[in-house]
Amino acid sequence: LELRKEMNSRADADYKLSVNDFVIKAAAGALKKVPAVNSQWMDTVIREFHDVDISVAVMTERGLITPIVPQADRKGLKDISEKVRELAVKAKDNKLMPEEFMGGTFTISNLGMYGIDNFTAVINPPQAAILAVGATKTNIIPDGSGGTTVANVMTVTLSCDHRVVDGAVGAQWLLAFRQRIEDPVTMLL
């Protein structure tokens, strides 16, 4: 959150990064690190993708739709932010083209902005996994030396299709995601 605040203060209104932009970037990096999660079940085979095309759940008057941030692993935070905003407007105006919402390789559903602490999201077949993102809360946590400290804590839940991604692989992906979201400078390198 500190890096986001600093980057937004330097933007001169050119852009405004959201927490979700950082979540998308961290997820994309984790998908490159653990590519087995960037896969789909295809009835008799597992298809692993090289491109990381992240579907982002957007609520509209007609229901939920998941427009895609293509090649999210190759985009910077500003580009991700601009793409998500563009797609959200098109989704709400019912102007998405089929290629803008069909074919993602992984989905993120973020209900944190609605004050939801945690939830379990349902996988979008044929994708192998979906990340449910809850609100960021300020908590008191152990500091490792017998005392306590205050930290911002976000709960995420990874739902996996175990035909493709078992618990061990899911745990590897969550670790890679956690490393990136807790130290976002690593996403800029």
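A residue is called buried when its relative accessible area is under 20%. In this predicted model, Asp73 has a relative accessible area of 19% and is therefore buried. Its partner in a salt bridge is Lys32, with the closest N and O atoms 3.7 Å apart. Because Asp73 sits in the loop between β6 (68-69) and α3 while Lys32 belongs to helix α2, the pair ties together parts that are 41 residues apart in sequence. Lys32, with a relative accessibility of 43%, counts as partly exposed.

The C-alpha atoms of Val52 and Asp73 are 5.9 Å apart in space, although the two residues are 21 apart in sequence. Beyond its neighbours within four places in sequence, Val52 is in contact with residues including Lys32, Asp73, Ala28 and Thr105.

Helix α3 comes next. The buried residues of α3 are Leu77, Ile80, Ser81, Lys83, Val84, Leu87, Ala88 and Ala91. These cover an arc of only 165° around the axis, which puts them on the same side of α3. Within the helix, the side chains of Lys83 and Glu86 meet in a salt bridge (3.6 Å, N to O); the two are 3 residues apart, or about one helical turn. Glu86 is partly exposed, at a relative accessible area of 37%. A further salt bridge joins Glu100 and Lys90 (2.7 Å, N to O). Since Glu100 lies in the loop between α3 and β7 and Lys90 in helix α3, this pair ties together parts that are 10 residues apart in sequence. Glu100 is buried, with a relative accessible area of 12%, whereas Lys90 is partly exposed at 24%. In total, the structure holds 7 salt bridges.

The buried residues here are Val169, Gly170, Trp173, Ala176, Phe177 and Arg180. Seen down the axis of α4, they fall within an arc of 125°, so they line one face of the helix. They pack against α2 (19-33), β7 (106-110), β8 (129-142) and β9 (148-160).

The surface has a feature of its own: Met59, Leu64, Met113, Tyr114 and Ile116 form a nonpolar patch with about 550 Å² of accessible area together. Leu64, a residue of strand β5 (63-65), is exposed, with a relative accessible area of 62%.

Methods: Residues are numbered from 1 along each chain as its sequence is written. This is a predicted model: local features need pLDDT of at least 70, side-chain atom pairs count only at pLDDT 80 or more; totals for chains, interfaces and linings use all residues. Side-chain values use heavy atoms; hydrogens and water are left out. Patches are made of residues with over 30% relative accessible area and no salt bridge: like charges are joined within 9 Å, nonpolar side chains (Val, Leu, Ile, Met, Phe, Trp, Tyr) within 5 Å. Accessible areas come from the Shrake-Rupley method with a 1.4 Å probe; for residues, only the protein chains shown count as cover. A salt bridge is a side-chain nitrogen of Lys or Arg within 4 Å of a carboxyl oxygen of Asp or Glu. Helices (H or I, at least four residues) and strands (E, at least two) are DSSP runs, numbered from the N terminus. Buried means under 20% relative accessible area, exposed over 50%, partly exposed in between (1.4 Å probe, protein chains only). The arc is that of the directions from the helix axis to the C-beta atoms. Contact means heavy atoms within 4.5 Å.
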